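Subject: Structure for your review

Dear colleague,

Please find below the structure that I would like to hand over to you. My findings follow directly after it.

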Amino acid sequence: MQYKRILLKLSGEALMGERQYGIDPKRLAEYAEEIKKVVDLGIEVAIVIGGGNIFRGVAGASNGMDRVQGDHMGMLATVINGLALQSALEDAGIYTRLMTALEIKEVAEPYIKRKAIRHLEKGRVVIFGAGTGNPYFTTDSAAVLRAIEVNADVILKGTRVDGIYNEDPEKNTKAIKFDHISFDEVLKKGLKVMDTTAFTLSQENELPIIVFDMNTKGNLLKVVSGENIGTKVNL
Ligand code: GTP
């Protein structure tokens, strides 16, 4: 296997499946099966999940809501998704721990770096909820931060698109996909991989990012095995 410890970033929207809002149990079960395939191989898996299927702080702010208030709601949305994913993983027979950046200790363990690493070493999938615990930061930033803290080898950004293109492939069918691209080139070309804060944090810490299509069965396993099916961003 190419990687020993991975941080998988899932978007909240992905959990909607075919729905317009909320969580599709079928999609959740499919993700759990995909994650199980890599856990069974002894790969250590940490997960950060977004909350956009329930609430987005930015969207709240654009409708006149205080941004900090909106971001707090978004953080709680990621905890809801984390609980849902934890249940789905447990149904698939995987040991998990949910750790949150905001203390809600009746619901989940507070995030403690050393404890998170022990859980990973013991083969538990660790889900990090509530983002970084701070407003104005995205769950992509949380993913990079946690990946660096727990010494993950790579961030796997599971999306519905199979990599990074020179243009939006959903708008232009002639868009060209990159197999590899450097951090500098992404910035120079103004490509959207993650928000700038998250992206530069990854760059500064030499943490590679792989963008891949998480909705095709077997893809997560392929990426972890080192198959180049998405786009890899590194130095
Ligand atoms: P080890 O020390 O490696 O055995 O880890 P462990 O997580 O199994 O031990 P611990 O006794 O800390 O936790 C037992 C169970 O309680 C696990 O399911 C944890 O997720 C859960 N747990 C631990 N701390 C908290 C907490 O602060 N809040 C909540 N809600 N659950 C917790």
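Asp 140 is in contact (heavy atoms within 4.5 Å) with Lys 9, Lys 157, Val 193, Met 194, Asp 195 and Ala 198, leaving aside its neighbours within four places in sequence. This is a predicted model, in which local features need pLDDT of at least 70 and side-chain atom pairs count only at pLDDT 80 or more, while totals for chains, interfaces and linings use all residues. Residues are numbered from 1 along each chain as its sequence is written, and side-chain values use heavy atoms, with hydrogens and water left out.

Asp 140 has its place in helix H5, residues 139-149. Helices (H or I, at least four residues) and strands (E, at least two) are DSSP runs, numbered from the N terminus. With a relative accessibility of 8%, Asp 140 counts as buried. Buried means under 20% relative accessible area, exposed over 50%, and partly exposed in between, with a 1.4 Å probe and protein chains only. The side chain of Asp 140 also makes a polar contact with the side chain of Lys 9, at 2.9 Å. A polar contact is a pair of N or O atoms within 3.5 Å; within protein, one must be able to donate a hydrogen and the other to accept it, and residues adjacent in sequence count only if both atoms are side-chain atoms.

Beyond four places in sequence, Glu 34 is in contact with Met 214, Thr 216, Lys 217, Gly 218, Asn 219 and Leu 220.

Asn 215 is found in the loop between E10 and H8 and is partly exposed, at 33% relative accessibility. Its side chain makes a polar contact with the side chain of Tyr 31, at 2.6 Å. Not counting residues up to four places away in sequence, Asn 215 touches Arg 27, Tyr 31, Thr 159 and Arg 160.

Next, the nonpolar interior. A nonpolar core is a set of buried Ala, Val, Leu, Ile, Met, Phe, Trp, Tyr and Cys residues joined through side-chain atoms within 4.5 Å. The largest such core has 34 residues, and those with the most contacts inside it are Leu 8, Ile 35, Val 45, Ile 47, Leu 89, Leu 156 and Leu 220. Elements that each supply at least two residues of this core include strand E1 (5-10), helix H1 (25-39), strand E2 (44-49) and helix H3 (67-91). H1 gives the largest share, six residues. Ile 47 touches Leu 8, Leu 10, Ile 35, Leu 85, Leu 89, Val 125, Val 126, Ile 127 and Phe 128, not counting residues up to four places away in sequence. Apart from this core lies another, of 31 residues, among them Leu 7, Met 99, Val 126 and Val 193.

Which residues surround the ligand? They are Arg 97, Lys 105, Glu 106, Val 107, Ala 108, Glu 109, Pro 110, Lys 115, His 119, Lys 122 and Arg 124, where a residue is near a molecule if one of its heavy atoms lies within 4 Å of it. This shell divides into three nonpolar, one polar and seven charged residues. For that division, Ala, Val, Leu, Ile, Met, Phe, Trp, Tyr, Cys and Pro count as nonpolar, Asp, Glu, Lys and Arg as charged, and the others, Gly among them, as polar. A nitrogen atom of the ligand is 3.3 Å from a polar backbone atom of Ala 108. Oxygen atoms of the ligand lie 2.7 Å from a polar side-chain atom of Glu 109 and 2.7 Å from an N or O atom in the side chain of Lys 115.

Two backbone angles also deserve mention. Most residues other than glycine have a negative phi. Ala 130, however, has a positive phi near 70°; this residue lies in the loop between E5 and H5 and is buried, at 0% relative accessible area. Glu 206 has a positive phi of about 50° and is exposed, at 55%.

Yours sincerely
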